[in-house]
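Please keep the model open while reading.

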Amino acid sequence: MTTTNKLTNQEAFLAYLLRLADDRLILGQRVSEWCGHGPELEEDLALANIALDLIGHATALYELAGVVEGKGNDEDHFAYFRDDADFSNLQLYELPNDDFAFTIARLFLFSSFGYFLYEELKGAKDPQFKGMVEKHLKELKYHLRHARNWVLRLGDGTDESHQRMQAAFDEIWMYLGELFYTDEIDTMVLADGNGADPTSFHSKWKTLVEETLTEATLTVPDWDQFMMTGSRNGMHTEYLGHMLATMQFLRRSHPEAVWK
Amino acid sequence: MSLIQQHTEEQIWEFLKEVTDPEIPVLNIIEMGIARSVSYEGDKVIVKITPTYSGCPAMNAIEKMVRDKLIEQGIQDFDVQLDYSEAWTTDWMTDEAKTKLKDFGIAPPQKTVADEDFLKTLSSTKVVPCPFCDSFETHLESEFGSTACKSQYFCDSCHQPFEHFKCI
């Protein structure tokens, strides 16, 4: 039998939606950890708002994934009842927040990549998916503007803030290779009219990142260094399991609880 | 045969006018552009609503308020559905709604910027007039505020902090 491993378009779209949703849920959960710990009140509010947006994006994408899957699973199922190896988010998003500079560097890289990705996905065939992408893009622009402003302010700030911002980008760089990872799932979803080809915006994204770092008086780290791999197939750092334990335990303790 | 008297779609729109945004009580969900459509599938009333902000915690409350309103009006066979197909935009807000917002002390949203112009506006800041004294001498405190839909500004003329409804 040669057909057993062949993905259907429906399975590919489901996997694609879960990758997008997992990225947003995991990063949203990380950003939410700043709530009550922000460096100033306005920033505390900003990070809490951004986390809420990201978790909202994940919720909508999981809802749609549940419809595509057709087994009656809702967003809570995908968020709370899967284990670390089932998550397909990039390792980039599960890394601990470290300091404020690292959090901002990551948010800038996520939102700049997301901006170009969503510009492509706006042409999606599925009307619900297309509508979500358009909506999320509007919100993501605020995240990008906010994170970029902080990169400029901290990079071109004091010696301490400059050094921390540079250290953050140096540390995060080897996790960026996977942003442009594609496999059969991406190819199938793209061919079916719902995906995007990230190579089409690779240079635009790189230009925005490099221009921002240069304006912030930071050194662009080496693009050709060793890059991490495996995230999309469930390979994660040791940090994801710990995060999921915190995020999932209450829901799993009360699996029958309902909100409404 | 149904013994329950059916309401017209116009009547149901009237009921929805009584559902207000819990965070901005001066606006109802029609003025906000949240209620998108009312229709019948057989005897079943279908109300479609669209979320304003993805992470807006008021959405669950609004969905429940719509249900409660329909039940209060004696409608039992209904479904309130979240529709994502058209992304909500502040451009849907009527001029009347914007005036109400201003009177409530929130600077209303302006026209949204076209997507293709976004990258060019990354470093610029826009001028938002003060809702209290109409001065243009204001500055942005933070793009994020007390709710997902608002930014924080300060008026340098009348020295009042105020909120601005983001344009999305």
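pLDDT is the predictor's confidence in each residue, from 0 to 100. Chain B has a mean pLDDT of 88, and 96% of its residues reach 70 or more. The model scores ipTM 0.84 and pTM 0.91. This is a predicted model, in which local features need pLDDT of at least 70, side-chain atom pairs count only at pLDDT 80 or more, and totals for chains, interfaces and linings use all residues. Residues are numbered from 1 along each chain as its sequence is written, while chains are lettered from A and ligands numbered from 1 in the order in which they are written.

**Sheet and helices of chain B**

Helices (H or I, at least four residues) and strands (E, at least two) are DSSP runs, numbered from the N terminus. Two strands pair if DSSP finds at least two bridges between them. In chain B, 3 strands form an open sheet in the order E1-E2-E3, with mixed pairing. E1 (35-41) and E3 (78-82) of chain B are the edge strands; each has a single partner strand, so one side of each lacks a neighbour in the sheet. On average, neighbouring strands of this sheet are turned by 20° against each other, direction ignored.

Ala35(B) stands opposite Ile49(B) in E2(B). Further along chain B, Ser142(B) has Gln152(B) in E6(B) as its bridge partner. Tyr153(B) is bridged to Phe162(B) in E7(B). The hairpin of E6(B) and E7(B) has 5 residues between the strands, and His159(B) there takes a positive phi near 55°.

| Strand | Partner strand | Bridges |
|---|---|---|
| E1(B) | E2(B), residues 44-49 | 6 bridges |
| E5(B), residues 138-142 | E6(B), residues 150-155 | 4 bridges |
| E6(B) | E7(B), residues 161-165 | 5 bridges |

Helix H1 (residues 9-16) of chain B lies across E1 and E2 of chain B, at about 140° to E1(B). Helix H2 (residues 58-72) of chain B packs on the sheet, touching E2 and E3 of chain B, and its direction makes about 155° with that of E2(B). Axes are lines fitted to C-alpha atoms, for helices over the stretch in contact, and angles run from 0 to 180 degrees between N-to-C directions.

**Contacts between the chains**

Residues are in contact if their C-beta atoms, placed from the backbone, lie within 7 Å. By this criterion, 19 residues of chain B are in contact with 25 residues of chain A. The chain B side divides into 9 nonpolar, 6 polar and 4 charged residues. Here Ala, Val, Leu, Ile, Met, Phe, Trp, Tyr, Cys and Pro count as nonpolar, Asp, Glu, Lys and Arg as charged, and the others, Gly among them, as polar.

Conventions:
Contact = placed C-beta atoms within 7 Å.
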